[in-house]
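Dear colleague,

Please find below the structure that I am handing over to you.

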Amino acid sequence: MTAQTLEPQQADEYARHLSQVNKKNQVLATEDIFNEQGALLVKKGTPLSEQLAERVIRHKLTQPLEHSVNLSNMIDAGRLRKGFEQLFEQYPDCRQVHQELRLQIRLEENCREYTRFPLLMQKLTVLAMQRPHDYQKGLFCAWMALALGQQMQLETGQVTAVFLAGLMHDTGMLHISTDILEKEGELTTEEWRAIQSHPRIGELFLRNVPGLAPEVARATLEHHERRDGTGYPGGRFAESLSTEGQVIAIADSLCAIRMLRLSERGGNLASAIPILQINVRGYDPDAYRAAVAVIRAGELRVPRLVEDARMPAFIDGLLAMYERLNRCFAGVSDVVGQLPEESPNGKIRSAALLAQHAWFAVASSGLLSQSLKHWISLVKKNHEQDHYANMEEVDVLQQEVRWQLVQLRKALNTLHSERVLAGAESAALLELALESLQALDTP
Ligand SMILES: [Fe+2]
């Protein structure tokens with residue numbers, strides 16, 4: 001399946017992944033594999049070597065390749081449970097939440113449920129061997145989705161659907177060229193489009209798994225959609241998104257916050273709450289409330305990361321960022337008025353929504369208020385150690401708003417380069433906004 005054509009019968013990168021897996025876990029053709037013209041490509045019972053994979057990849061098959069192969073030594077319920085155990089070892093804060101919410105029995109039940117679907121076992125095993133980081137993310141999302149599903153009192157079938165969607169949500173990546181996924185440096189629009197097709201690829205595969213609830217495919221399709229229309233691949237809005245999809249969306253966000261951003265800084269799940277709070281508009285209200293409740297159940301202490309001796313210099317950094325963010329917002333405020341939220345043009349609508357999202361974030365957090373600046377300055381001047389933890393929280397929020405402004409800048413750049421806004425006045429305002437957003441790059 002190529003990102004451009006999205007045809008499940010077209011053999012693609014997945015054939016190469018299978019041939020690599022075959023070096024350790026034998027991958028055998030369970031039937032003769034033909035191309036659409038009826039030519040035999042692989043004989044039943046043959047191991048899928050690299051050479052055969054290269055032959056298969058040039059063809060459109062009579063059915064998706066995954067349906068014609070069998071993998072030995074797949075991840076079963078026991079190995080899946082072990083995967084979760086390792087996740088908890090790496091993230092003790094998740095273990096604490098897991099224990100407080102008494103999730104173990106449900107987790108074990110759902111690990112067993114997963115083994116009803118050999119196709120899911122095949123895909124997940126290939127993911128674990130070929131893209132172990134994505135496998136880890138799948139485990140995190142499945143666990144978080146389970147916790148959210150329980151907290152939201154979803155029905156048993158829905159909880160299983162979000163658990164399985166959490167595990168499988170990024171398996172579409174296995175069909176995208178590794179050259180694109182591992183490319184260093186800037187991606188072309190075409191390459192971005194290919195990567196952004198992974199939810200659709202995942203959905204197509206899951207839709208064809210016999211006996212699997214359709215909600216698993218749908219949640220996978222929607223895991224990068226946002227209620228305010230700023231997500232992908234559809235840019236769809238709240239009313240057209242499923243509960244299961246919104247659960248995976250927030251679980252995936254928490255996964256990125258916890259496994260990437262907070263791991264670099266040394267935070268824990270509790271440090272994610274302020275980030276969720278200022279992004280609340282992007283999430284389903286019920287899923288958001290459940291996420292905060294799940295994290296709070298762990299009674300985690302937010303760890304201090306900056307030593308007291310380094311705090312004055314750290315606060316200077318906060319004050320500098322305060323000025324930069326203020327400069328950015330002063331520059332974008334005029335152009336935002338020119339971006340109608342109801343515009344029929346999706347690019348204008350998306351930029352308007354991103355801007356609103358950022359405004360909401362600063363308004364709800366008070367990040368740009370004079371009183372905040374005054375308070376930060378006083379904490380520094382009087383060495384108020386009791387407030388040093390709050391200073392670290394201000395940093396987390398500033399970085400989040402900065403990230404949102406980077407997204408807004410991308411959207412405004414598109415409007416600028418494609419000359420989407422009509423009128424000289426709008427164009428001038430857009431240039432002014434982009435100029436003020438240059439403050440984001442000031443070290
Ligand atoms: Fe994804």
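The notes below begin with the chain as a whole and then turn to its domains, its core and some individual helices and residues.

This is a predicted model, in which local features need pLDDT of at least 70 and side-chain atom pairs count only at pLDDT 80 or more, while totals for chains, interfaces and linings use all residues. Residues are numbered from 1 along each chain as its sequence is written.

**The chain as a whole**

The chain contains 20 helices and 4 strands; helices (H or I, at least four residues) and strands (E, at least two) are DSSP runs, numbered from the N terminus. Along the principal axes, its C-alpha atoms fill a box of roughly 75 × 55 × 40 Å.

Of the 443 residues, 42% count as buried. A residue is buried if 20 or more other C-beta atoms lie within 10 Å of its own, exposed if 12 or fewer, and partly exposed in between, with C-beta atoms placed from the backbone. Two residues are in contact if their C-beta atoms, placed from the backbone, lie within 7 Å. Among contacts between residues at least 6 apart in sequence, 74% join residues at least 24 apart.

**Domains**

The domain assignment gives domain 1 (13–71), domain 2 (77–297) and domain 3 (308–441); such bounds come from an automatic or database domain assignment. Between domain 2 and domain 3, the C-alpha centres lie 29 Å apart. In the contact between these two domains, 11 residues of domain 2 meet 14 residues of domain 3. The side of domain 2 that touches domain 3 has 3 nonpolar, 6 polar and 2 charged residues. Here Ala, Val, Leu, Ile, Met, Phe, Trp, Tyr, Cys and Pro count as nonpolar, Asp, Glu, Lys and Arg as charged, and the others, Gly among them, as polar.

**The largest nonpolar core**

A nonpolar core is a set of buried Ala, Val, Leu, Ile, Met, Phe, Trp, Tyr and Cys residues joined through C-beta atoms within 7 Å. The largest one has 118 residues, of which Met144, Ala145, Leu148, Ile250, Ala251 and Ala351 touch the most other members. Helix 7 gives the most to this core, with 11 residues. Leaving aside neighbours within four places in sequence, the contacts of Ile250 are Leu148, Tyr283, Ala287, Tyr288 and Ala291.

In helix 4 (residues 92–100), the buried residues are Asp93, Cys94, Val97 and His98. They lie on the same side of helix 4 because they cover an arc of only 140° around the axis; the arc is that of the directions from the helix axis to the C-beta atoms. Their cover includes helix 3, helix 7 and helix 15 (285–297). Arg102, which follows helix 4, has a positive phi, near 50°.

In helix 5 (residues 104–114), Asn110, Cys111 and Tyr114 are buried. Their arc of only 110° around the axis puts them on the same side of helix 5.

Gln122 is in helix 6 and counts as buried, because it has 20 C-beta neighbours inside 10 Å. Not counting residues up to four places away in sequence, Gln122 touches Glu66, Leu71 and Met74. Asn413, in helix 19 (residues 388–417), counts as partly exposed, with 14 C-beta neighbours inside 10 Å.

With kind regards
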